[in-house]
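Grab a pencil and work through these exercises with the structure open beside you. Try each task on your own before you read the solution.

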Amino acid sequence: MKHGSRDIWRWSVLLPALVLAMPVLVIFASVFNPQPEVWQHLRQTVLADYVINSLLLAGGTGLGALLLGTASAWIISQYQFAGRRVLEWLLLLPLAMPAYIIAYTYTGMLDFAGPVQTALRAQFDWRYGDYWFPQIRSLSGAIIMLSLVLYPYVYMLARSAFREQSASLFEASRTLGLTPRQHFWKVALPLARPAILTGTALAMMEAFADYGTVQYFGVTTFTTGIFRTWFGMGNQVAAAQLAAMLTGFVLLLLVLERWSRRKIRYYHQGQRSNAAPRRNIGVGRQMLLLLLCLLPVLFGFVIPAVQLVSWALSNYQQTLTPQFGQLVWNSFSLAAMAAVISVLLALLFAYGKRLRPDVLVQAPVRVAALGYAVPGTVIAIGVMLPLAYLDGRIDLLAEQWFGIRTGLIFSGTLFALLLAYSVRFLAVSLHSVEAGLERIKPSMDNAARSLGYSPLQVLQKVHVPLLRSSVLAALLLVFVDVLKELPATLILRPFNFNTLAVRTYELASDERLADAALPALAIVLVSLLPVILLARSVDSSLKGKL
């Protein structure tokens, strides 16, 4: 009986894991359906631009995030100055600002008709052509926008890595004659390299996945190319092959990140580490460090948020309509459903792995969890192709057997959207749930089983109550990720079904930036919740280790 119950858990994990892995497998399977004419056209026209611009975008964003995140993390973790405690969590706020929203906001501010250039022309009596102003709608502009909102990935991990380094390391460096600057370059930075590279890789993956920013700025990348091939050329297979190529770049990035730290090993003592005390500095240097840490927050969150509030207040009578209420309901209900489904799947997979820690369970779950590393555009295509095929077969059989047309049952419905969200954000909820399960001793499972509880009862009555905080964190994180998700929603949403993210994109594409401010601001305000939660969890984890 015990063996049979375990087999049930094995299959209950294996089957949904295979379903969630299907979109990625479909994308890679498309390479076995050659499209020579389309690829010849792409090679002769735009393929080189897709590859070069995507690599430059990811590389530039990674470099920008690395510099901003590492510098701010080192300053916050090593120096004592006025305002440091507040800046510790303020530096995380740009995570609440989606890249496409900050792109729309700065475009409205910095374009020719925006307030900045208008003020310059009024101040210096300039006319068009009398002065040079940097072009915000460019590849470099997209890199800056993405760097401003993605550097917190590096900041979080680097800050933790720097604070976990023992005071004895700094003392040993000083006895060897190293200056604080030399200690940073020769000791602290190499030790923190795995964390910094992980954060940089996350930022680069987000840059590869971006669609809203590059489309609005007119930069041709893989994500815009996939949309053009699918909707412009009407070739779904070629779009899937482009998606496979993009996914290959992302997976190569993951492999390189793992390879870069293949020989690095860390061993911790059982007791808490004695962190190096923060260094006291003069008032002048305090003001300089305060300014350096404030700049990413100002440009990455405060300035665009203030501009959004200004636009929203000046235009709320036109935008605060019953249709806006419907947008809010669509977005929040969809995000809530996706969050619940994702967390339930995470509980199933994490507990199934706990019961059956073998490769037949571990491998499918890991493949299914790869979705977070895959751009939303890719997942949307991977979901659409098999569901459209399934709808076509059902419709054909229903007409042959019963003389009726079933239409779209799966594709073009909320089912397709929820499946795509589950694939895309499973890893977010799974990471949180697994981290919580690891803190529950196996002896508690054994005790419950000895009292006659089944595995499902152990999960319900023992684990779920203990996992309450982890489940809540997973629900919140997935909720906000779904609320911000743009490309997958654009492709898979049902007809005449809009969300806050899609409406913001549509209004901004029509250059109605003031009208786009209210839905954009709603996304940003809700996104602040997980950022605050994240800041608190980072602080508590650091206090627990030091």
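**Exercise 1. Is Leu-202 buried, partly exposed or exposed, given its relative accessibility?**

*Solution.* Keep in mind that this is a predicted model.

Step 1: find the residue. Leu-202 sits in helix H9.

Step 2: read off its value, which is 24% relative accessibility.

Step 3: compare with the cut-offs. Buried means under 20% and exposed means over 50%, with partly exposed in between. Leu-202 therefore counts as partly exposed, at 24%.

Step 4: Leu-202 and Gln-80 are 122 residues apart along the chain, and their C-alpha atoms are separated by 29 Å.

**Exercise 2. Which residues line the second largest cavity, and which element gives the largest share?**

*Solution.* Here's the idea behind the search: rolling a probe the size of a water molecule over the atoms shows where empty space is left.

Step 1: count the cavities. There are four of 30 Å³ or more in the structure.

Step 2: take the second largest cavity, with about 70 Å³ of space.

Step 3: look at where they come from. H9 supplies the largest share, four residues.

Step 4: sort by class. Eight lining residues of this cavity are nonpolar, none is polar and two are charged.

**Exercise 3. How many residues does H13 give to the lining of the second largest pocket?**

*Solution.* Step 1: start with the volume. The second largest pocket holds about 520 Å³ of space.

Step 1: look at the middle. The pocket is lined by 22 residues, and those closest to its centre are Ala-71, Trp-74, Ile-75, Leu-289 and Leu-292.

Step 2: find the elements that give two or more residues to this lining. They are helix H3 (47–78), helix H9 (180–209) and H13.

Step 3: pick the top giver. H13 gives the most, with eight residues.

Step 4: sort the lining of this pocket by class, which gives 17 nonpolar, two polar and three charged residues.

**Exercise 4. Which residues form a nonpolar patch on the surface, and how much accessible area do they have together?**

*Solution.* Step 1: name the members. The patch is made of Leu-288, Leu-291, Leu-292, Leu-295, Leu-298, Phe-299, Val-302 and Val-306.

Step 1: give the area, about 640 Å² together.

Step 2: zoom in on one member. Leu-288 belongs to helix H13 (residues 283–319).

Step 3: check how open this residue is. A patch member needs over 30% relative accessible area. Leu-288 has 47%, so it is partly exposed.

**Exercise 5. Which three residues are linked in a network of salt bridges?**

*Solution.* A quick reminder: side chains of opposite charge can pair when their charged atoms come close.

Step 1: begin with Arg-84 and Glu-88, whose side chains form a salt bridge at 2.9 Å, N to O. Both lie in helix H4 (residues 84–90), four residues apart, which is about one turn of the helix.

Step 2: follow Glu-88 onwards. The side chain of Glu-88 also meets that of Arg-159 in a salt bridge, at 3.4 Å, N to O. This pair joins distant parts of the chain: Glu-88 is in H4, while Arg-159 is in helix H7 (residues 139–163), 71 residues apart.

Step 3: check burial. Arg-84 and Glu-88 are both buried, and Glu-88 and Arg-159 are both buried too.

Step 4: Arg-84, Glu-88 and Arg-159 make up the network.

**Exercise 6. What is the phi of Asn-496, and is this residue buried or exposed?**

*Solution.* Step 1: recall the background. Most residues other than glycine have a negative phi, and most peptide bonds are trans.

Step 1: read the angle. Asn-496 has a phi near 65 degrees, a positive value in a residue other than glycine.

Step 2: Asn-496 is in the loop between helix H21 (487–492) and helix H22 (500–509).

Step 3: judge its exposure. With a relative accessible area of 73%, Asn-496 is exposed.

Definitions and conventions. Residues are numbered from 1 along each chain as its sequence is written. This is a predicted model: local features need pLDDT of at least 70, side-chain atom pairs count only at pLDDT 80 or more; totals for chains, interfaces and linings use all residues. Side-chain values use heavy atoms; hydrogens and water are left out. Patches are made of residues with over 30% relative accessible area and no salt bridge: like charges are joined within 9 Å, nonpolar side chains (Val, Leu, Ile, Met, Phe, Trp, Tyr) within 5 Å. Accessible areas come from the Shrake-Rupley method with a 1.4 Å probe; for residues, only the protein chains shown count as cover. A salt bridge is a side-chain nitrogen of Lys or Arg within 4 Å of a carboxyl oxygen of Asp or Glu. Buried means under 20% relative accessible area, exposed over 50%, partly exposed in between (1.4 Å probe, protein chains only). On a 1 Å grid over the protein atoms alone, a cavity is a set of points where a 1.4 Å probe fits but cannot get out, and a pocket is an open set with protein on both sides within 12 Å along at least five of seven lines; lining residues have an atom within 4 Å of a point. Grid points are joined across faces, edges and corners, and a volume is the space filled by probe spheres set on the points. Ala, Val, Leu, Ile, Met, Phe, Trp, Tyr, Cys and Pro count as nonpolar, Asp, Glu, Lys and Arg as charged, and the others, Gly among them, as polar.
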